[in-house]
Amino acid sequence: MEAAAVRSSEARPATVRKRIVLIAHDNRKADMLAWARFNRGTLAQHELLATGTTGALIADELGLPVQRFLSGPLGGDQQVGAAIAEGRIDCVMFFWDPLSPHPHDVDVKALLRVAVVYNVPIACNRATADFVLSSPLLREAYQPSFTPETQEPADDGPASPVR
């Protein structure tokens, strides 16, 4: 948990302009594109990052700038995980396909694990992505109510916007 302690004490709280990562497995790319098209206005207010092909599709389809990591199987999932650990990601929209085998399944599980360890919201389906993107917390600076090193609530109760 030492790495978690470093991130929580040194990283700045999530800002109003969030750094959102978009990832979609091949069988979920059409769903991601439809979701991104529907939410283009909101996504345009934030910094978008994505793995390889997903990033290219989103940039082409939406005409928005997208910082691209490598393709997931070529190390992109690991790059996203590292960025989470370094405090450079505010949330992840990862439309993954749990019913198909993936050669980089270990990397997928590691990415899911690191998002949970570092308390970064990770939406794995369209419904959850809708809830995260429409949350009022997305439009405010946010500081979690507990720290990963203690896993205890802060004195001010449940998670709340930074005031």
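Reader: In which sense do strand 4 and strand 5 pair, and over how many bridges?
Author: This is a predicted model, in which local features need pLDDT of at least 70 and side-chain atom pairs count only at pLDDT 80 or more, while totals for chains, interfaces and linings use all residues. Residues are numbered from 1 along each chain as its sequence is written, and side-chain values use heavy atoms, with hydrogens and water left out. Strands (E, at least two residues) and helices (H or I, at least four) are DSSP runs numbered from the N terminus, and two strands pair if DSSP finds at least two bridges between them. Met 93 stands opposite Ala 123 in strand 5, and strands 4 and 5 pair in the parallel sense over two bridges.

Reader: Which residue of strand 4 does Ala 24 stand opposite?
Author: Strand 1, residues 19-24, and strand 4 run parallel and are joined by five bridges. Within strand 4, the residue opposite Ala 24 is Phe 95.

Reader: How many of the five residues of strand 4 are buried?
Author: Buried means under 20% relative accessible area, exposed over 50%, and partly exposed in between, with a 1.4 Å probe and protein chains only. Cys 91, Met 93 and Phe 95 point one way from strand 4, whereas Val 92 and Phe 94 point the other way, and all are buried. Strand 4 (residues 91-95) is therefore largely enclosed by the rest of the structure, the number of its buried residues being five of the five.

Reader: Which residue forms a salt bridge with Asp 90?
Author: A salt bridge is a side-chain nitrogen of Lys or Arg within 4 Å of a carboxyl oxygen of Asp or Glu, and the structure holds six of them. Here the closest N and O atoms are 2.8 Å apart, and the pair links distant parts of the chain, 71 residues apart, from the loop between helix 5 (76-85) and strand 4 to strand 1. Both residues are buried, and the partner of Asp 90 is Arg 19.

Reader: Which residues do salt bridges that share partners join into one network?
Author: Asp 31 forms a salt bridge with Arg 28, with the closest N and O atoms 2.8 Å apart, and another with Arg 126, at 3.3 Å. The latter pair links helix 2 to helix 7, 95 residues apart. Arg 28 counts as buried at 17% relative accessibility, whereas Asp 31 is partly exposed at 23%, and the network is made up of Arg 28, Asp 31 and Arg 126.

Reader: How far from Asp 107 is the nearest side chain of opposite charge?
Author: Asp 107 lies in helix 6 (residues 105-117), and contact, meaning heavy atoms within 4.5 Å, joins Asp 107 to Asp 77 and Gln 78, not counting residues up to four places away in sequence. For charge, Lys and Arg count as positive and Asp and Glu as negative, while His and the chain ends are not counted. Asp 107 is buried yet has no salt bridge, and the distance to the nearest side chain of opposite charge, Arg 113, is 8.4 Å.
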